[in-house]
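Here are my notes for you on this one.

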Amino acid sequence: MSCTKKRISSISLVTLLAVGLTGCAVSPTDSGKTVLRLALNQNEEHPSYIALDHFNDYLQEHGAGVTIDVFPNSALGGQVETIQLVGEGVIDMTTASGSQLENINDDFIGFGVPTVFDDIDHQMNVVQDPELTSELYSSMEESMGITVLGGLTQGNRSVHTSNIQVQKPEDLHGMKMRVQESKLNIAIAEALGASAAPMAFGEVYTALQSGVVDASENPVVVYYTSRHHEVAPYYSYTNHVVGLDFLLMNKNALDALSKSDRRIFEDGWEQTWKEHAELFKEQTDEAVKAAEQEGAHFSEVDSDAFEQPLIKVRDQFLVTARQKELYDQARELAR
Ligand code: GCU
């Protein structure tokens, strides 16, 4: 059975897993190279697809014995499912939002709360610093068989709605806002003034289009590449969090790399996250222009009106000593 890149329903996913896809994971190509299957919930225009595809180019150019095959568009499921599939070794790699990892190990909240990161450069300095992160990144190895390779920025997340430009939290009263599936994100939606509707990313376009939700929040890059501007044309710069994805890998698949492949892999990953951060910055300006040309409206908000509610959420969610430590260490690098 060949692996498909088309979107598959969860029922057919289960079937595929039972009968076919397991046979595809970490399988040899005709050239004898091992294929690492990587799940992504963004499309081919998004910086994550471009940079991860270049990760594979790097491996090939440097003669590694492995290839990375990126499956975009949530083709292998939403992140809740793909994290599980990586843990089970059915697929090898996935990107996952920190919001998802918070549900597995709540230490990740230290890097998920509002105000932890100032901007993309600060965020990358923190999340690629091995001294600060190695314990966190290996924290799911024993329990789930998953290693975190490092972080990929999501950029600044802001609110967009189908009908109004938002200036202050009151403007969102009575509105349902789609958020990522975590308690922290529900609290952030409420701090922004809305009521929260958690759902997987792949459902957001239709939910906005059909009026199941009135609002959503994502960085400008995603807003444009996923065409959310078509169904929620009012984008307001709440900048409530600099969001963070992680690249996860099945630990056995990582350990199975030969010594020389491992070295190439690590160098390739470093090039990948660096390129990704640069692409993200470039695409942010381009996305605003392109979305405006297609009818979207961008506006500033009264940021003072959002500040205290968001700080309150941060303080409510930084509960454990470890969460506070990660937050403080991240803030230390901003200075
Ligand atoms: C960003 C992020 C994804 C996440 C998505 C979401 O686009 O890169 O990992 O799933 O936000 O809003 O769910």
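**Notes on the model**

1. Buried means under 20% relative accessible area, exposed means over 50%, and partly exposed is what falls in between (1.4 Å probe, protein chains only).

2. Before going on, some ground rules. This is a predicted model, where local features need pLDDT of at least 70 and side-chain atom pairs count only at pLDDT 80 or more, while totals for chains, interfaces and linings use all residues. Residues are numbered from 1 along each chain as its sequence is written, and side-chain values use heavy atoms, with hydrogens and water left out.

3. A search of the whole structure turns up 10 aromatic pairs. Rings of Phe, Tyr and Trp (its six-membered ring) pair if their centres lie within 6.5 Å; planes under 30 degrees apart count as stacked, over 60 as edge-to-face and the rest as tilted. The rings of Y223 and Y235 have centres 4.7 Å apart and planes at 50°, so this pair is tilted. Y223 sits in helix 10 (residues 220-225) and Y235 in strand 9 (residues 234-250), so the pair ties together parts that are 12 residues apart in sequence. Helices (H or I, at least four residues) and strands (E, at least two) are DSSP runs, numbered from the N terminus. Both Y223 and Y235 are buried.

4. Which kind of aromatic pair do Y223 and F298 form? That pair is edge-to-face, with 6.0 Å from centre to centre and 90° between the planes. It links distant parts of the chain, since Y223 is in helix 10 and F298 in strand 10 (residues 297-300), 75 residues apart. F298 counts as buried too, at 16% relative accessibility.

5. Now the nonpolar core. The largest one has 80 residues, and M93, F111 and F265 have the most contacts inside it. Such a core is a set of buried Ala, Val, Leu, Ile, Met, Phe, Trp, Tyr and Cys residues joined through side-chain atoms within 4.5 Å. In soluble globular proteins, nonpolar side chains tend to be buried together. Setting aside neighbours within four places in sequence, F265 is in contact (heavy atoms within 4.5 Å) with residues including L36, F55, M93 and L257.

6. Where do the buried residues of helix 3 (residues 79-88) sit around its axis? They are Q79, T82, I83, L85 and V86. These cover an arc of only 160° around the axis, which puts them on the same side of helix 3; the arc is that of the directions from the helix axis to the C-beta atoms. After helix 3 comes G89, with a positive phi near 80°.

7. A polar atom of the Q79 side chain lies 3.0 Å from the backbone nitrogen of S97. Not counting residues up to four places away in sequence, Q79 touches N41, T95, A96, S97 and Q100.

8. Next, find H276 in helix 12 (residues 259-293) and A51 in helix 2 (residues 47-61). H276 counts as buried at 0% relative accessibility, and A51 counts as buried at 0% as well. Beyond its neighbours within four places in sequence, H276 is in contact with H46, P47, S48, A51, L152 and T153. With residues up to four places away again left out, A51 touches T272, E275, H276 and L279.

9. Finally, check some backbone angles. Most residues other than glycine have a negative phi. N73 has a positive phi near 60°; it is in the loop between strand 3 (66-71) and helix 3 and is partly exposed, at 33%. T115 has a positive phi of about 75°; its place is the loop between helix 4 (98-102) and helix 5 (120-127), and T115 is partly exposed, at 32%.

Note on methods: A polar contact is a pair of N or O atoms within 3.5 Å; within protein, one must be able to donate a hydrogen and the other to accept it, and residues adjacent in sequence count only if both atoms are side-chain atoms.
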